[in-house]
Amino acid sequence: MLLETLLCTFFGVSVGIFTGLTPGIHINLISLLIISFSPFLLRILSPTSLGVFIICMAITHTFLDSLPGIYLGAPDESQVLNVLPGHRMLLKGEAHNAVKLTVIGSFGCLILALISIPFTIKLMHTAYPLIKNHIGYALIIIMLFMIFREKRIKKIINAFFMFLTAGVFGLIVLNIHTLNQPLFPLLSGLFGLSMLIISLMDKTNIPEQNLDKKLEIKKSILAKSIFAGTFVATIAGFLPGFGSSQAAILGQQIVSFGEDIGEKGFMIMVGGINTANMLTSIATAYILGKARNGAILAINEILGVIDLRAMIIFLITLLIASGIAVMLALKISKIFSRLVVKVNYTLLVSTIILFIIILTIYFDGFVGLSILIVSSSIGILATKLGVGKNHLMGCLILPVILYFVV
């Protein structure tokens with residue numbers, strides 16, 4: 001049993017490397033394949049071992065999924081808000097430090113979430129019934145606060161306009177039930193492709209990456225970012241319809257009070273949310289019997305119920321996988337840093353754009369391509385109006401608000 005568990009741990013890490021580094025290939029897709037092949041797989045593996053594979057794949061993915069966003073401008077849903085600060089650090093020759101920040105956030109939030117498990121379990125028992133009916137109104141307040149922080153009337157109007165535009169478009173896209181991967185063209189256009197097109201138009205060049213530059217960040221900012229990331233990830237872990245991106249928006253408002261954490265602190269927070277959320281989701285499945293993401297849903301399908309023994313095994317193997325993922329993320333980032341400056345930037349960006357287009361057509365045909373074109377146009381318009389890309393998270397926030405309120 002021990003050997004089987006360890007093999008599933010390392011195999012899960014291996015697949016997590018693939019999903020984390022490949023834009024468009026999400027852990028939910030692999031989890032669905034696991035469910036499809038589970039009748040065969042369960043002949044050679046125990047249900048718990050298969051769950052270990054899924055958990056280790058998912059947690060490894062959360063450590064590595066920042067790399068495509070920072071180096072290639074092709075993020076997944078959990079990393080969209082890190083694209084711009086990560087890209088700015090890339091253009092300053094500090095992409096490796098950007099990856100370090102997300103890794104610090106992932107591991108820091110994971111450890112804090114693990115320590116907080118007893119509190120999280122108690123919170124779920126007491127707070128869940130009270131909070132679930134009011135989250136939509138809380139999101140409205142958060143979004144209005146975020147928009148009105150722009151201060152100048154023109155910027156407030158532009159921010160509100162872009163939030164509504166992205167929100168309505170997101171609502172339309174998420175209600176097209178024939179789409180296989182609705183978030184891929186939607187988020188790739190708003191946050192990835194639009195940025196790449198602007199970089200191409202501006203004839204941006206990637207400088208030599210400085211792997212020896214020391215990462216400097218104040219301990220107070222580090223602590224504040226990890227605490228905020230863990231806190232909002234805990235909320236996202238047990239509230240329906242409230243994902244990692246929505247949590248990042250909430251976290252952004254929490255850390256806006258007091259000492260400014262800056263872009264470095266923000267990247268730590270966003271990097272850690274998805275990782276801590278995965279751990280909280282295990283606790284949610286154990287306490288409430290509810291799955292909040294595709295990986296946990298697949299485990300519930302296979303095990304039927306996550307008992308205390310299974311949860312302890314998952315947490316132990318999750319920690320092992322996390323330790324391996326930290327080393328892998330930093331090592332692969334160094335390789336990326338050396339390679340990214342050796343290729344022609346125009347050719348690289350053009351290739352990435354073509355790759356995103358091909359993936360979009362592969363997943364959802366010309367309907368997906370139409371979504372990609374419109375979302376990219378919205379992303380470019382936001383940049384031209386000087387509106388922060390965080391307001392474009394309306395594409396997910398508005399549907400969630402309506403889910404809770406209407």
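This is a predicted model: local features need pLDDT of at least 70, side-chain atom pairs count only at pLDDT 80 or more; totals for chains, interfaces and linings use all residues.
Trainee: What does the pair tie together?

Mentor: E263 sits in helix α13 (residues 262–287) and R88 in helix α5 (residues 83–91), so the bridge joins parts that are 175 residues apart in sequence.

Trainee: How many salt bridges does the rule give?

Mentor: The count is 1 salt bridge.

Trainee: Why is E263 called partly exposed?

Mentor: Its relative accessibility is 36%. Buried needs under 20% and exposed needs over 50%, so a value in between lands in the partly exposed class.

Trainee: On to the rings. How many aromatic pairs are there?

Mentor: The structure has 6 aromatic pairs. Take F227 and F231: their ring centres are 6.3 Å apart and their planes meet at 10°.

Trainee: Why is that pair called stacked?

Mentor: Centres within 6.5 Å make a pair, and planes under 30 degrees apart count as stacked. With 6.3 Å and 10°, F227 and F231 pass both tests, so stacked it is. Both belong to helix α11 (residues 219–238), and being 4 residues apart there puts about one helical turn between them.

Trainee: What makes Y403 and F404 edge-to-face?

Mentor: The angle between their planes is 85°, and edge-to-face means over 60. Their centres are 5.1 Å apart. As for accessibility, Y403 is exposed at 51%, whereas F404 is buried at 14%.

Trainee: Which residues do ring pairs link into a cluster?

Mentor: F184, Y362 and F363.

Trainee: And what about the largest nonpolar core?

Mentor: That core has 123 residues, and I54 is among those with the most contacts inside it, as are I34 and F314. Helix α16 (residues 345–384) supplies the largest share, 13 residues.

Trainee: Which residues does I54 contact, beyond its neighbours within four places in sequence?

Mentor: I54 is in contact with S31, I34, A295, A298, I299 and I302.

Note on methods
Residues are numbered from 1 along each chain as its sequence is written. Side-chain values use heavy atoms; hydrogens and water are left out. A salt bridge is a side-chain nitrogen of Lys or Arg within 4 Å of a carboxyl oxygen of Asp or Glu. Helices (H or I, at least four residues) and strands (E, at least two) are DSSP runs, numbered from the N terminus. Buried means under 20% relative accessible area, exposed over 50%, partly exposed in between (1.4 Å probe, protein chains only). A nonpolar core is a set of buried Ala, Val, Leu, Ile, Met, Phe, Trp, Tyr and Cys residues joined through side-chain atoms within 4.5 Å. Contact means heavy atoms within 4.5 Å.
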